[in-house]
Amino acid sequence: MAPSRSRSTQIPPCIPKRQLPPGYSDSLLFLCARRMVAQHPLPVLLPALPAHLYPILFQAAFLDGRPLVLRDLVTAWPFPVLNFQRLVGRRELLRDHPCKLCVQAVILAVVAQLRRDLEEPGRDSSGCRLRVLDVTGVPDDPAGRAPDGMSVWSGTVALAKACVEVSKHQREFQRRGSKRHKGRSGAATAAAAPQPPGVDVHADLFVNGTSYGILRDALQTGAAGPLRLKCREFQAEKLSLAGIVSLLESLDPSCVRRVDLRFRNLGLTGLSVILPHLSRFPELRSLKLQYSNVDVRRPTPESAIGIRCLAGQLGMLPSLRELNLGSSRLSGNLRQILCDLQAPLESLELAFCSLLPADLAFLSQSFHAPALKRLDLSGHDFSQSLLEPLRLLLEETSASLLHLDLMECRMADSHLDALLPTLRRCSRLRFLGLYGNSLSTAALKDLLQKTLELPDLRLVVYPFPVDCYKPEPPRRIPGSRRLYEEPMDGERLAAASAEISQLLANSGRTDLVWTYNPYGHGAMDYFSL
């Protein structure tokens, strides 16, 4: 008998249609698929359908918001792997078509199938061949942006609850089997009953204090169960040291490529506790430790020991290629921290790290410089002694650099003018961030015209031009006691923006975007470089 579904997991038959992206609506096959998924129920048709039609039916059902159809497709999925990103096509399509109910429908269908497999081992009436469900890369949909959107946090909780539910059902089934076969031989018979192969769920896991308990249970009790979480990227916010260590120890070591620990004042002492647990991840390529509150500006014997310990532990991560130490105060210690790394970094984020000229000089001369693809030095004062070391560093990275963030760096027109010849030699540059610097409209127009020659440049985030501010005292930001903003002249800003847009239009570079909005365009992730 099929398990009953509680009211909270009921799936509505259809969600209102949304505008489809170019490339889908003009496909005859896709139009036919949309017509088919509109004619629910599908189960009577699925056994007669060729396997190669399932992916496009999945695309149509997801993009049209039809969770019931997705449930039926997953129940009869004829392939061993179901990968969300590959099926839907592109990450931006997932971002622009958020659908919490659709994702939940897929998870519930997998759970229901596994429960049937446990109840009736060996029976294969549905034809389902699914062994790997890959939901990695499903982008975040922050709460409130869309009523049917699924945040990465709620997605993690949904997967964890599914794993716990299936494991619980497996234990109950085994207990019932033991009772039916009384005695030691009966228990042995129940234990020896054929177990379904189960499904591995590859996912990016996001955890905080609220979701810690359910994720811990899913990882620990479900590791050997029918539904197993395989974490690709692990992000934890505001967890205790013990909580972070417990989850790291519970992760399957073979799949983890990124660990992101944020908004936790770990300090050197906390990092010395956590980092040894990362050496069990052979494929770990990205480590993000922003807001860890490491402060080594004033050297002490204890901080020297802590730095040596940190360097040694980083050196135990042979696959590491991306490191984020943002908002740690590292003044004069960059060489000591990076000295034991076994391979050059390709992404280095050191925003607001209080670096000194010696730190940038070390980086310029290190084996990291010619390998760097992404560099974030936001929050440093390049109006004085750091400017020339920055120029020399950009010279060394010019052949490889794709992404450069120099936001809120106190740069004026003269400083940008000094860097411009070197920036023009960064021939592969795709992103340039200059938000929060004191640049004029004239300097920005000059920058635009002189960087048009960079063939791969796709996005420039520029600051509000200084000549667009009103000559008035700064005003306190509502709700803040300490933060102030300078009053903006809306007409001047609109005129400056129009001039920049016109120059861009006249250039014919339709592939290049200039914007003063630092949000909403999506940061270039290391794994997409």
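**Notebook: helix packing in a predicted model**

I started with the contacts (heavy atoms within 4.5 Å): among those in the chain with a separation of 6 or more, 82% are between residues 24 or more positions apart. This is a predicted model, so I kept in mind that local features need pLDDT of at least 70, side-chain atom pairs count only at pLDDT 80 or more, and totals for chains, interfaces and linings use all residues. Residues are numbered from 1 along each chain as its sequence is written, and side-chain values use heavy atoms, with hydrogens and water left out.

**Whole chain.** I looked up 18 helices and 15 strands; these are DSSP runs numbered from the N terminus, helices being H or I with at least four residues and strands E with at least two. Of the 529 residues, 50% count as buried (under 20% relative accessible area; exposed is over 50%, partly exposed in between, with a 1.4 Å probe and protein chains only).

**H6.** I took residues 100–119 next, a helix of 20 residues. From first C-alpha to last, H6 reaches 29 Å, close to the 28 Å expected at 1.5 Å a residue (1.5 Å times one less than the number of residues).

**H14 and H15.** I found residues 357–365 and 387–397 packing at about 15°, axes 9 Å apart. Axes here are lines fitted to C-alpha atoms, for helices over the stretch in contact, and angles run from 0 to 180 degrees between N-to-C directions. H14 and H15 are therefore roughly parallel (under 35 degrees; over 145 is roughly antiparallel, 65 to 115 roughly perpendicular, the rest oblique). On the H14 side I noted Pro357, Leu360, Leu363 and Ser364, which meet Pro389, Leu390, Leu392, Leu393 and Glu396 of H15. That contact divides into 7 nonpolar residues, 1 polar and 1 charged (Ala, Val, Leu, Ile, Met, Phe, Trp, Tyr, Cys and Pro are nonpolar; Asp, Glu, Lys and Arg charged; the others, Gly among them, polar).

**H9 and H10.** I then checked residues 212–221 against 241–250: about 30°, with the axes 9 Å apart. H9 and H10 are therefore roughly parallel to each other. Tyr212, Leu215, Arg216, Leu219 and Gln220 of H9 meet Gly243, Ser246, Leu247 and Ser250 of H10. I logged 4 nonpolar, 4 polar and 1 charged for this contact.

**Gly312.** I placed Gly312 in H12, residues 301–314. Gly312 is partly exposed at 27% relative accessible area. Its C-alpha is 9.8 Å from that of Leu275, 37 residues apart along the chain.
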